[in-house]
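Let's take a friendly walk through a few spots in this model. Have the sequence and the 3D view at hand as you read.

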Amino acid sequence: MLPFAAAAVTPLVYRVLRDRTAYYAAAVALACFGMVASLLGTNASVSFPWIPSLGVSLRFYVDGLSLLIGFLASGVGVLILTYSGRYMDGEPGKAKYYTTLLAFMGSMLGVAFAADLISLFVFWELTSLTSFVLIGHYSDRPSAQYGARKSMLITVAGGLFMLIGFLLIHNVTGTYAMFGPDGILTPVNVANASEQLHSNGLFVPALVLIAVGAAAKSAQVPLHIWLPNAMEAPTPVSAFLHSATMVKAGVYLVGRFRPLFLPEEVHAIPDWMLLFAILGLVTMTVTAILAVAATDIKELLAYSTASHLGLIIAGFGFASEFGAETGAFHILNHAMFKAALFLVAGIIAHEAGTRTIDHLGGLWRDLPITAAVTVIAALGMAGVPPFNGFYSKELLFESAYHAAHVHGGLAWLFPVVAVFGSIFTFLYSVRFMMLFFGEKPTGLGHVHRPPLAMLVPPVILGIIAALIGLGGVTDTFGIAPTALDHFVGTVVESVLPPGPGGHVEAVHFSYHLPTAVTPAAVMSAVTIGLGLVTYPYYDDLHEGVNRLLAIDPLRVNWWYDNAVDGLSDPRVATTLHTRSAPLRTYAVWLFATIAVLTLGAYAAASSSIPAISGAVVTLPTIFVLFVAVVAAVAVTVADSHIAGVLTLSVMGFMVAIFFILGRAPDLALTQLIAETLILVIFLLVLEKLPAYYGRIGRWTATRDAIVSAAVGFTVFLTVLFTTAANPKEGIASFFVERAGVPKSHGSFLFDYGGGSNIVNVILVDFRAFDTMGEISVIAMAALAVLTLIAMRGRGEMQ
């Protein structure tokens, strides 16, 4: 909760510290990092009641996977916020920027440690909301508006699919708890929860729905299109949200639910592997090809992020322990080298004044330290030994080959596609690195060295990436395993399904350089060899891919834009077509639709008309209703507004008298006030209307009569159905008992209304949300009226 509390006061802090607010935010992130670090070695949960009536709690859980994501959210956050202190010099909206970044960090920590399905969903959506604000930081730019809307539409829509999957799981298991004694993901309960999903036929639906949520957040094909447009955000945001943290939420979700959906014993290819291994490898390959086609350094890094997220998804998708190790280790490796490269991209754009790849080159002379960081990070991204990315790429090859060897047949496409996609990964990684070598393009000029606050964060990330790579070298020569090996082992344990007896065996993780000729080593050698042979033809590949992308149906963005525009254009066309239609037309089709849908629902539910019993009709009631019917008929035959309004009022007053006869004076009073107001309002506007209605055709009159009869019949049935129930205990006694002030106060504010007027208490207490909704509607209508008046005053409307 610390980041949220800090975010709440950030606007006030900014008034005092101004640009130094970045270091205040970095201090908050550092405190969070320290608290996460204090949880090392912990494996436990804690719960706070939130919505007890629905079984929803603010429940949190600590294990290796949550600690990994927590370290990335807070640790990378310290570096990003420090970097922002100089990068955001002269930029607008800095108070909003730091407030939103802190709120995002809190949301991501919530995702990492959430142990309740509803709590997880709330924090998940908060990451989408804060990301929307940060992507649209430059709100005056159409491209930023477009990118923010696209990210919100795709990630929030994916989150709704995920929520439905959560509700299916709850429907079967009866709990929202993910961990704890009754948690569905607790090792002893996983097998039972999985069996319940299978027996209810909800295993595959829940799996697919959760997969859609994960794919949307982690930019998997074809939902990857929002990530390149998200690069409209300031570069620190891209480094933090869209490489190291937010996009990791999707792969975190896949890792978290892996024990539930992955069976212990695999004979045929399981649904889990069929879905996620294919999705991950396709994303890894397609987005790597798109990265080769990029012309902007941030665009290249955006597509490469989607590609490496595909690698992680594929790793978690494979059923072997190698797959779990691939996903767990590459989450860490990718965050280190990709966050460093995004910060390098920010330095290049900030100091060179351009992000166009063709306009950059030979930067090592002006930026030697930045060049060294780039070499370490880019070679790690390319999967070249002994840099950090090589080891997790090697684990992917091991996983793909193992799956092919076990299942055979078409499964041999797994290692083939993994190598093919990795070749393009090698190509774009080397191309980014070559920005610092070769000849400097004409017109680039001298590039200034970055300030220390912008240089230190990528250097730290580069050093960590280098140390991870060095750890593999030490393991190769038999030096004692590092603390990193143990930590990654705990992350792997978090994503493994339990074995017999509901226990997860301890994982002894280690990584090292190849010491023998293995299938994975051969695949790595083929990748690097073909990458080196192909690199001289990089420009030809770049042009070829862009020529293909010039064909509209081959671009997912073309389908997205047409779908979104298609939802807008028919609305505009329909509005233009129906704007001149009379009010009668709108009313007829509206009421006809309501009647058809309602009657159809009654028919689908096989509702039977309840018997009418106990009704006592007196002579005064018959007389009043007779007058009301006569007035209603008179309204339909009246040929002028005055006659119609007067006869309508007669009918309304008869209804009020009917309420009096039915011993409902409050309803009668309301009816009398409403009828009086309607009569007065009509009389005030009559002079603005034609004296007579005019004539309508026979077909129109027949249509209106049929629709009127259908609406009347629908209301009649609805009243019968809704009043047929006769509960033994009426709700009135509850209101009488709970509306007033109790004799002994105790939990007064929670269990009693504390008022003297039951109707008032019902409106403001028992029906508080209903009343709040009504007030909101009135407030929105008032704002709309004020806006129209202001626009008319400025001459913007007539």
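## Phenylalanine 261

In this predicted model, phenylalanine 261 sits in helix 11, which covers residues 248–261. Its relative accessible area is 2%, and because buried means under 20%, phenylalanine 261 counts as buried.

Which residues is phenylalanine 261 in contact with, once neighbours within four places in sequence are left aside? They are Ile169, Leu197, Phe203, Ala206, Leu207, Ile210 and Trp272.

## Serine 320

Next stop, a loop. Serine 320 is found between helix 13 (297–317) and helix 14 (321–352). Is serine 320 buried or exposed? With a relative accessibility of 11%, serine 320 is buried.

If you set aside residues up to four places away in sequence, serine 320 touches Arg258, Ser399 and His402.

## Helix 13 and helix 14

Two packed helices are described by the angle between their axes and the distance between the axes. Here, the axes of helix 13 and helix 14 cross at roughly 175° and come within 8 Å. Helix 13 is therefore roughly antiparallel to helix 14, since angles over 145 degrees count that way.

What kinds of residues make up the contact of helix 13 with helix 14? There are 14 nonpolar residues, along with nine polar and two charged ones.

Technical notes. Residues are numbered from 1 along each chain as its sequence is written. This is a predicted model: local features need pLDDT of at least 70, side-chain atom pairs count only at pLDDT 80 or more; totals for chains, interfaces and linings use all residues. Side-chain values use heavy atoms; hydrogens and water are left out. Helices (H or I, at least four residues) and strands (E, at least two) are DSSP runs, numbered from the N terminus. Buried means under 20% relative accessible area, exposed over 50%, partly exposed in between (1.4 Å probe, protein chains only). Contact means heavy atoms within 4.5 Å. Axes are lines fitted to C-alpha atoms, for helices over the stretch in contact, and angles run from 0 to 180 degrees between N-to-C directions. Angles under 35 degrees count as roughly parallel, over 145 as roughly antiparallel, 65 to 115 as roughly perpendicular and the rest as oblique. Ala, Val, Leu, Ile, Met, Phe, Trp, Tyr, Cys and Pro count as nonpolar, Asp, Glu, Lys and Arg as charged, and the others, Gly among them, as polar.
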